Amino acid sequence: MNSSDVGVNFSLNRVSAMVRRYWYLLRSSWPRILDLIYWPTVQMLMWGFLQLYVMQNGGLFARASGVFIGAVLLWDILFRGQLGFSICFLEEMYAHNLGNLMMSPLRPVEFIAALMIMSIVRLSIGMIPVTLLAILFFGFNLWSLGLALAAFFLNLMLTSWSVGIFVAGLLLRNGMGAESLAWTIMFLFLPLTCVYYPVTVLPDFLQYVAWSLPPTYVFEGMRTLLIDHVFRANLMLEAFVFNIVLFAAASLAFLKLLQSARVHGSLLQEGE
Amino acid sequence: MDASTPPAIALERVVKFYKSVAAVDGITFRLSRGSITGLLGGNGAGKTTTIAMIMGLVTPTLGTVSVLGAQMPKERYRVLHRMNFESPYVGLPMRLTARQNLSVFAQLYGVVETRERVAKLAADLDLTEFLDRPTGKLSAGQKTRVSLAKALLNDPEVLLLDEPTASLDPDTADWVRERLEHYRHRHGATVLLASHNMTEVERLCERVIIMNKGRIEDDDTPQRLLERYGRETLEEVFLDVARGRGTHRKVAQ
């Protein structure tokens, strides 16, 4: 591996330059901002009304107020976190600007840091209004989860960044041929991380897979909190350990893919 | 210049294979500091790969590439802030204004007093009036000027140019050449220019390296190349090399 890719001289100045670049882009285009809010709102409303209907039938869901809306909001944090990261990266490919960046003193680790910050910025623009709408429409206050929400958020963001970093590596190595992965890869997590149902619903062999994915712990933890009113810190710690492993593996894969892109000349070809 | 000072750019027996195809096949050259050199060759001659290896975007299969004494790509972060490049094939974000693009890159290159630097370059390159327009709404000539400003933001000691006047009208192209000459004389920068425009190379370059099928076919001053091939223009020399008549004509001389 090329050691200079890791970059010991991390510069916050260069990271802030990149954040500024994405902020200029975001604020210059109202459809980009609308896109951040539109789909999470539609999802939240659809699942919220479905939950209202199910709750009227009593049983478990009568006690589990907000479990669907909570799931959909946390899922959006995971999904939109990765999408925000990947879209910012794709913007450079759309603009044919990667050559300028790769030739500049910007280190890959600084580039990634800027993308991580922008994924939080984009997520905040999209999700904060939606959480307020959830209070307005369904009386579900995600913010009332307090410390648990912080733990959920941290773990979901770590997973979304890991996936985003891996996808960025694939884009560097394979060009726009890997673009569709940026949009769809997270959907693999939707059934396996048990967003809307408990892990026990899965067949035994898939439960092993589910428990190897950090978001599963978050969604299980959310259900325990909303149904049984118990915050299981151990689940968050286990998710965190898995996330550290996932983040390290994704970073390593990114550096290997970047090295491979330099060998195969892929950095010269931003197209197909 | 101190004899111990490494050359601005040095390639030593550089080979680059893409799978089984040799894009660059054992080239060696050194560019002294402050020199301006043209890299000529037809499509697929290996110019772009050569420049990409100098920039650290492509790893050579064999041989070594160094810039200002740093091995590329391994030690590129030692020197990237002292280099820059311009190519019409590499864009700047279209929705950002020219000023926003330049200020972002100024910050990336660690330029102090960014605002003043951008204003000065804008004045030098006649950019001031459209500095606050989105880059995507500028004409080809205006975009080239913005790209050139980006390439000069950090006062680079090594400037790599890939067809800097492609798709420009003759007047704008001439204007760009004039600015490049001015910059080089004022800063003593080393310039490597890949171009298909022979008039441009004849006017700007004191040395010409001609590549064909990944190899260096010839390497000399424009005047000596014309004499050796018995031609009036570099374009005729280029055609001789590209069509495999180079060796024949040189022998005939």
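**Close-up views of a predicted two-chain model**

**Figure 1. Val15(B) stands opposite Leu62(B), a residue of β4(B).** The model shown here and in the following views is predicted. Strand β1 of chain B, residues 9–18, and strand β4 of chain B, residues 62–67, are joined by 5 bridges and run antiparallel.

**Figure 2. An open sheet in chain B is formed by 4 strands.** The strand order is β2-β1-β4-β5, with antiparallel pairing. From one strand to the next, the twist averages 30°. In general, strands of a sheet pair through backbone hydrogen bonds, in either a parallel or an antiparallel manner.

**Figure 3. Helix α5 of chain B spans residues 170–187.** This helix has 18 residues and reaches 26 Å from its first C-alpha to its last, close to the 26 Å expected at 1.5 Å a residue. Val176(B), Leu180(B) and Tyr183(B) are buried in α5(B). Viewed down the axis of α5(B), the buried residues fall within an arc of 65°, so they line one face of the helix. An α-helix has 3.6 residues a turn, so residues three or four places apart point the same way. The face turned away from the buried side of α5(B) carries exposed residues, namely Pro170(B), Asp171(B), Glu178(B), His182(B), His185(B) and Arg186(B).

**Figure 4. The surroundings of α5(B) include α4, β8 and α6 of chain B.** The buried residues of α5(B) pack against α4 (140–152), β8 (190–194) and α6 (198–204) of chain B. Following α5(B) is Gly188(B), which has a positive phi, near 60°.

**Figure 5. Arg33(B) lies in the loop between β2 and β3 (36–40) of chain B.** Arg33(B) counts as partly exposed because 16 C-beta neighbours lie inside 10 Å. A separation of 21 Å lies between the C-alpha atoms of Arg33(B) and Glu200(B), which are 167 residues apart along the chain.

**Figure 6. Chain A and chain B are in contact through 29 residues of chain A and 30 residues of chain B.** On the side of chain A that touches chain B, the elements giving two or more residues are α1 (12–27), α5 (98–103) and α12 (233–264) of chain A. The largest share of this side, 7 residues, comes from α1(A). By residue class, the side of chain A that touches chain B divides into 11 nonpolar, 13 polar and 5 charged residues.

Definitions and conventions. Residues are numbered from 1 along each chain as its sequence is written. Chains are lettered from A and ligands numbered from 1 in the order in which they are written. This is a predicted model: local features need pLDDT of at least 70, side-chain atom pairs count only at pLDDT 80 or more; totals for chains, interfaces and linings use all residues. Two strands pair if DSSP finds at least two bridges between them. Axes are lines fitted to C-alpha atoms, for helices over the stretch in contact, and angles run from 0 to 180 degrees between N-to-C directions. Two residues are in contact if their C-beta atoms, placed from the backbone, lie within 7 Å. Ala, Val, Leu, Ile, Met, Phe, Trp, Tyr, Cys and Pro count as nonpolar, Asp, Glu, Lys and Arg as charged, and the others, Gly among them, as polar. The expected span of a helix is 1.5 Å times one less than its number of residues. A residue is buried if 20 or more other C-beta atoms lie within 10 Å of its own, exposed if 12 or fewer, and partly exposed in between; C-beta atoms are placed from the backbone. The arc is that of the directions from the helix axis to the C-beta atoms.
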